[in-house]
Amino acid sequence: MAGLSVGYYAKKNGLPFTIYEANNRIGGNCITLKHGDFLFDSGAHRLHDRAPEVMKELKELLGADLNRIDIPSYIFHQRKLIDFPLSPLNLLRRLGLYTFTKAAFEVILSRLGAKRSNRNFESFALNTYGKTIADLFLLNYSEKLWGAPCNQLSSDIAGTRMRGLNLKTFLTEAIFGHKAKTEHLDGSFYYPKFGIGTISDKLAEFCGKENIIRDAKITKILHNNNRIQAVEINGNDKVDTDEVVSTLPLDYFFQVMEPKLPDEILSIAKGLRYRNMILVTFFLDRESVMEAATIYITDPDFFITRIYEPKNRSRHMSPPGQTSLVAEIPCQEENRLWNLDHDELIRLTCSQLTQTGWIEEGEIIGASVSRLHNAYPILEVGYANKVQKINAFLKVFSNLKLSGRNGRFVYAWIHDMMRFGKEINEEYINNGSGEGK
Ligand SMILES: Cc1cc2nc3c(=O)[nH]c(=O)nc-3n(C[C@H](O)[C@H](O)[C@H](O)COP(=O)(O)OP(=O)(O)OC[C@H]3O[C@@H](n4cnc5c(N)ncnc54)[C@H](O)[C@@H]3O)c2cc1C
C-alpha cells in the first residue's frame, strides 16, 4: 500500500518510477479477498477521514465507489455488547451501578491526581482510566493483540482511538446524557463499495501496469556506504538505482543490505518485532448476524481479538440473503496457532464463535483461512529510541527514503501511507531529484 502511494504521487508529478512487489497480487495487507461470491478484507479496515488532502485525492480516485458509513462498534464482555469507544451511560447500564461508580471515581481521581509518568501501556491505562476500566477492557485485549505483557508495551499503542474517553466527555455524558456521545463514538468512516482493496487496486491502476513489476522479490540491496547503488531481484537480476524508497519491513531491509552493516545497528534492527495475523472467515447462509462495524473481544479465554461482518461495511460484500463473519487472531510465527492446519483453525475458531451465541454450526456454508505477515509493528517499550537510532544511521545513504507501516515501524494507517507518499514526492520535487527508479 505504501509503495503504491509513493507511485501514485510520482505519476501525478510526472516522475519516473518502478515498484517491485514480491507477490503476484499488489496491495500487501490492504486487499480484498474473494471466496465464491463473498468478498472480505485483509483485516477489519476502515478509511478514516483524518487527512483532508488525502481524502480529497481518494474521493476523486474512487468516485461513486467510496461511501461514508455510520455504524457503531462494540466490546464483547461477559456475553454483553458494550459501546466502543467506551461511553459512561452505556457502561452504567452494562456494568451495574456499583462497578460503574467505582470505575467513574477511579477515572476522575486519576485525572485530578498528580500527573504520573506513563512508562508503559500498563501505567498509561491505569493512570488514565483507573484499575477497573483498565482491567476490564484495556490490558487483556492489548496483551492478546500485541503478544506481550502491557508493562512491556509502549503507551503509543493507545493510538488515537482512546482519545475520546476523557474526563470532559465522561462527566458531560454522565450529567447530560447521550448528547455528548456522538463526539467520541468512532462510528463514521469511509469504505469502498467492493472492499478496502479497491483503494490499492485504483492506486495501482493509476500508477500503470508498466511501472509495477510483480513476482519481484528484493533479495539484496547493494550499497557503497553512502548510496544505494542497486537492488537484486529474485536472487539474480540486478537493477541499478537512482533514488530508492523502501517499504520493506525494517528488519528484512537490514538483513539484505550488502555489504553487511555494522553489528550494532543490525542488532537494533533485529530487536524490532512484528505481529502476524490469522483471519478465519465463515460464510453463512443467513441474512445478517448483527449491526456492528467491529466487535472487540477482550476476554483472555478467547484467542480471537476482533470480529467483523463485511456486509455491514458494504452490502456488496456478500450475495443477497447471505453474510460472512471474519475472526482476527493475532500471533507470531512461533506460536502454536500459526502452525495449525486450516481445518484445525476453522474448528477451534468455530467453537469460540458458537460460544458467543452469534452463529450456529448449521448455518456455515464454507470457511477459509488467510495468514497475514507483518500485520502490526509491535510497539514495545524502547522501540521509539531504536527507530530513532536507525533513522539517524540511515541518513548516510543520500538516495534512500523509508515509507510504510513496517518500513518506518510506525502504527500508521492508509491515510498516513498516502501522506508519506505525498511528502516523499514533494521532497524530490523541492530537491530537484527523483529522476530515477
Ligand atoms: C489487520 C489490519 C487491519 C487494518 N486496519 C486498518 C484500518 O482500519 N484503517 C487503515 O487506514 N489502515 C488499516 N490497516 C493498515 C493498512 O492496511 C496499512 O496501512 C497498510 O497495509 C500498510 O502498508 P505497507 O505498505 O506499509 O505494508 P503492506 O501493505 O504490508 O505492504 C508491504 C508490501 O511489500 C511487499 N514485500 C515484502 N517483502 C518484499 C520484498 N522482499 N520484495 C518486494 N516486495 C516485498 C509485500 O508483499 C507487500 O505487498 C490495517 C492493517 C491490518 C494488517
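The buried residues of helix α1 pack against β1 (19-20), α7 (197-207), β12 (244-246) and α12. Here a residue is buried if 20 or more other C-beta atoms, placed from the backbone, lie within 10 Å of its own. The structure is a predicted model, in which local features need pLDDT of at least 70, side-chain atom pairs count only at pLDDT 80 or more, and totals for chains, interfaces and linings use all residues. Residues are numbered from 1 along each chain as its sequence is written. Helices (H or I, at least four residues) and strands (E, at least two) are DSSP runs, numbered from the N terminus.

**Helix α1**
- Nine of the eleven residues of α1 are buried, so this helix is largely enclosed by the rest of the structure.
- The buried residues are A2, G3, L4, S5, V6, G7, Y8, Y9 and A10.
- After α1 comes G14, which has a positive phi, near 70°.

**Ligand shell**
- The ligand is surrounded by 33 residues, and A2, G28, G43, G404 and W413 are the closest.
- Elements that give two or more residues to this shell are α1 (2-12), β18 (364-377) and α12 (414-431).
- The shell has 16 nonpolar, 13 polar and four charged residues.
- In this count Ala, Val, Leu, Ile, Met, Phe, Trp, Tyr, Cys and Pro are nonpolar, Asp, Glu, Lys and Arg are charged, and the others, Gly among them, are polar.

- Apart from neighbours within four places in sequence, A125 is in contact (C-beta atoms, placed from the backbone, within 7 Å) with A134, L138, L139 and C150.

**Seven-stranded sheet**
- Seven strands form an open sheet in the order β6-β5-β15-β16-β17-β14-β18, with mixed pairing.
- β6 (80-84) and β18 are the edge strands, each with a single partner strand, so one side of each has no neighbour in the sheet.
- Strands β5 (residues 73-77) and β6 pair (at least two DSSP bridges between them) in the antiparallel sense over five bridges.
- Within this pair, I75 stands opposite I82 in β6.

Notes:
Near = placed C-beta within 6 Å. Buried ≥ 20, exposed ≤ 12 C-beta atoms within 10 Å, placed from the backbone. Contact = placed C-beta atoms within 7 Å.
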